[in-house]
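Here's a quick briefing to read with the model open beside you. Take a look at the fold first, then work through the notes.

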Amino acid sequence: MKRVERRFEMMARSISYVTGSQLLSLRSNPSIAIVDVRDEERSSDGHISGSLHYASDTFSDNISNLVQAVEGKDTLVFHCALSQVRGPTCARRLVNYLEESKEDTGIKNIMVLERGFNGWEASGRPVCRCTNVPCKGE
């Protein structure tokens, strides 16, 4: 019976989108992790406070590190600059990794931030310019 339930859980995992307004109200929830997959522009353009950085160009090599870093989180929100290519691609790579590894990571929701970091910043939402890795969200 457990195997059937587990299979259903994995099949049910999909990627959804979240607006900047929704993320602004959700991001203080300790079960959510924001994953920035931009490459070099993160260091010059700033980032969403408290976000983790896993650059898209090395994302596949670092998925297992991400899974360890988000232990205890059940929702991951991915973004890149516009969330049109890199953010959704990395989110899909994580879904595929979780389906193939069959690990019970506790990750239940995988989302992509609509309009990405550029939309977040253009809407006047808070941007952190610290150089801490990872960002402590201070």
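Which residue forms a salt bridge with Asp 36? The partner is Arg 38, and the closest N and O atoms of the two are 2.7 Å apart. Before going on, keep in mind that this is a predicted model, where local features need pLDDT of at least 70 and side-chain atom pairs count only at pLDDT 80 or more, while totals for chains, interfaces and linings use all residues. Residues are numbered from 1 along each chain as its sequence is written, and side-chain values use heavy atoms, with hydrogens and water left out.

**The sheet**

- Five strands make an open sheet, running in the order β1-β5-β4-β2-β3 with parallel pairing.
- At the edges sit β1 (15-18) and β3 (52-53), each of which pairs on one side only.
- Helix α5 (residues 86-101) packs on this sheet and touches β1, β4 (75-79) and β5 (109-113); a contact means heavy atoms within 4.5 Å.
- The direction of α5 makes about 170° with that of β5, using lines fitted to C-alpha atoms (for helices, over the stretch in contact) and angles from 0 to 180 degrees between N-to-C directions.
- Strand β2 (residues 32-36) pairs with β3 in the parallel sense over two bridges, and Val 35 stands opposite Leu 52 in β3.
- A word on terms: two strands pair if DSSP finds at least two bridges between them, and helices (H or I, at least four residues) and strands (E, at least two) are DSSP runs numbered from the N terminus.

**The salt bridges**

- Searching the whole structure turns up three salt bridges, each being a side-chain nitrogen of Lys or Arg within 4 Å of a carboxyl oxygen of Asp or Glu.
- Arg 129 bridges to Glu 121 with a closest N and O separation of 3.0 Å; Arg 129 is exposed at 52%, whereas Glu 121 is partly exposed at 31%.

- Glu 40 is in the loop between β2 and α3 and is exposed, at 65% relative accessible area.
- Its C-alpha atom is 8.0 Å from that of Ala 55, which is 15 residues away along the chain.

Definitions and conventions: Buried < 20%, exposed > 50% of the residue type's maximum accessible area, 1.4 Å probe, protein only.
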